[in-house]
Amino acid sequence: MRRALAVVLALVATAAGLMVLGLVVPRPAALSFPPPGEAAGRHAIYLAANPIHTDILLPATPAVRDRFAFLARDGLDLGHPALATIVVGWGGRAFYTQTPTWGDLTLDAVWRSATIDRSVLHVALGGRVEGDQPGLVRVDLGDAAFAALLEAVADSFQPASDGAPQLIPNAAYGAFDHFYEARGPFNLLLGCNTWTAAMLRAAGVRTGLWTPLPPLLLWSLTLHEPTAAP
């Protein structure tokens, strides 16, 4: 019994140590871009975090709506007068598509998340963002950095035979969202929050080396990225 407890404590201590290292050790951005401002333009994106997941909120400008025109093809109203943001998140197929609320959680979804699952992208239409809302972190990007972010997000979709993002039928939470097939496998070690971090690094934003949980990602931005602000 004591030996088993010692093994468990050692594993917990190792995991905690790795998370601390992942937080404080910076992971360089993929490329360097001019800082946002008059010369480079300025685009405000937001990270929305809950205890286990992060989404990226993109401003629903005409150019961004054009990049996401496939949503209109798939039945979402990109002309809705209240549309102000397009929300994108990546995750495991079973957990993400089957668990709109904690009451819908199943053992199958937990098991697939803990092992290896196929990945999906969740895209939703959102309203106006208030900067002081809890759980939101703002990151300002210049024109080139914002374009790189959009390209990285687009590359995360698994295309259908016609090259467009591949819709997953009957998997939405409501009338304003869809799920799409995504590239890459999902597991707890390389999950939704590490995808969010990778998208930020594609836009020139520094993050921690390994940020599997939302607090680790947000804290790493505080440590390594001056353009991020709650």
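I first looked up what covers the buried residues of α6, and the cover includes β2 (43-49), β3 (54-59), α2 (62-67), β4 (85-92), β6 (136-141) and α7 (192-202). Here contact means heavy atoms within 4.5 Å, and buried means under 20% relative accessible area, exposed over 50%, partly exposed in between, with a 1.4 Å probe and protein chains only. I note that this is a predicted model, in which local features need pLDDT of at least 70 and side-chain atom pairs count only at pLDDT 80 or more, while totals for chains, interfaces and linings use all residues. Residues are numbered from 1 along each chain as its sequence is written, and side-chain values use heavy atoms, with hydrogens and water left out.

I took helices (H or I, at least four residues) and strands (E, at least two) as DSSP runs, numbered from the N terminus. The buried residues in α6 are A145, F146, A148, L149, L150, A152 and V153.

I then turned to strand β5 (residues 117-126), where 9 of the 10 residues are buried. Strands count as paired if DSSP finds at least two bridges between them. β5 pairs with β4 in the antiparallel sense over 8 bridges, with I86 opposite L125 in β5; β5 also pairs antiparallel with strand β7 (residues 177-186) over 7 bridges, and there R118 stands opposite P185 in β7.

Last, I checked G126, which lies in strand β5 and is buried, at a relative accessible area of 17%. Leaving aside neighbours within four places in sequence, I found G126 in contact with A82, L83, A84 and T85; the C-alpha atoms of G126 and T85 are separated by 4.8 Å, although these residues are 41 residues apart along the chain.
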